[in-house]
Every structure is written in C-alpha cells, then in structure tokens.
Amino acid sequence: AHCDGRPPATGQQAGATRTWTDEHMDPTERNLEVNVQAVHEWKAQIEAAKQAWKAGQRAEAEKALLSALDKSAYFGAESPPVATSLYNLAELYRRCKRL
C-alpha cells in the first residue's frame with residue numbers, strides 16, 4: 001500500500017521496490033564521486049575567496065566567489081551552495097561599497 005493507504009498499482013506487488021532504468025535517472029544522482037568532486041571544487045573556491053579577502057586581495061576574492069557561484073549551479077538554482085555563493089558575493093560587494 002502507498003503511504004496514503006491506496007493499494008499498489010496493477011502489476012505492482014505489495015512491498016515490491018520500484019526500480020528505475022538508467023534512462024529515467026539523473027546521472028548526477030547515480031554518481032557519488034561526481035557529487036563529492038563538485039562539492040570539493042565549490043568549497044575550494046569558497047576557501048580561496050576567504051584567503052584572498054584576508055590578504056586584502058578583493059579582486060581575487062571576487063573572482064573566486066564568481067567561480068564558486070558558477071560551480072554551485074551544478075546543485076540546482078535553489079540549492080544551498082547557490083544561496084551561499086550569492087550571499088557571499090553580495091556581502092563582498094556590500095563591504096566594498098559596490099552594492
């Protein structure tokens with residue numbers, strides 16, 4: 001039965017696990033290594049921006065944050081990495097009086 005109490009669809013046995021073929025799956029969901037690498041690359045750009053900011057290299061910090069924003073697109077427009085990247089970039093612009 002489904003969570004709402006409906007019986008299983010015709011041809012589907014109760015308790016059976018529905019499997020999807022590769023053509024129905026998003027490739028990023030199947031490949032944990034790709035996801036881990038994407039997170040690593042995004043975090044590396046965030047860290048590079050922090051280090052550049054601390055060193056007073058505002059242009060380098062901006063460049064790293066723009067790269068982080070670009071890499072965060074992998075996770076989807078409404079993902080936490082995109083939100084974090086946009087926030088950090090806006091904060092840099094605010095502190096540099098460019099916003």
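## Basis

The model is predicted: local features need pLDDT of at least 70, side-chain atom pairs count only at pLDDT 80 or more, and totals for chains, interfaces and linings use all residues. Residues are numbered from 1 along each chain as its sequence is written, and side-chain values use heavy atoms, with hydrogens and water left out.

## α2 and α3

The axes of α2 and α3 (lines fitted to C-alpha atoms, for helices over the stretch in contact) come within 8 Å and cross at roughly 165°. Helices are DSSP runs of H or I with at least four residues, numbered from the N terminus; angles run from 0 to 180 degrees between N-to-C directions. The crossing angle makes α2 roughly antiparallel to α3 (over 145 degrees; under 35 counts as roughly parallel). The crossing is left-handed, meaning that the near helix is turned anticlockwise from the far one by less than a right angle.

Contact means heavy atoms within 4.5 Å. On the α2 side the contact residues are E41, W42, Q45, I46, A48, A49, A52 and W53, and they meet R58, E60, A61, A64, L65, S67, A68, K71 and S72 in α3. By class, this contact has 10 nonpolar, three polar and four charged residues. Ala, Val, Leu, Ile, Met, Phe, Trp, Tyr, Cys and Pro count as nonpolar, Asp, Glu, Lys and Arg as charged, and the others, Gly among them, as polar.

## Contacts of α4

The axes of α2 and α4 come within 11 Å and cross at roughly 15°; the two helices are therefore roughly parallel. W42, I46 and W53 in α2 meet P81, T84, S85, N88, L92 and R95 in α4. Five residues of this contact are nonpolar, three polar and one charged.

For α3 and α4, the axes come within 9 Å and cross at roughly 160°, so this pair is roughly antiparallel. α3 passes α4 in a left-handed crossing. Residues in the contact include L65, L69 and S72 in α3 and V82, L89 and Y93 in α4.

## Largest pocket

A pocket is an open set of points on a 1 Å grid over the protein atoms alone, where a 1.4 Å probe fits, with protein on both sides within 12 Å along at least five of seven lines. The largest pocket holds about 240 Å³ of space, a volume being the space filled by probe spheres set on the points, which are joined across faces, edges and corners.

Its lining (residues with an atom within 4 Å of a point) consists of I46, A49, K50, W53, K54, A61, L65, N88, E91, L92 and R95. The lining divides into six nonpolar, one polar and four charged residues.

Note on methods
Parallel < 35°, antiparallel > 145°, perpendicular 65-115°, else oblique.
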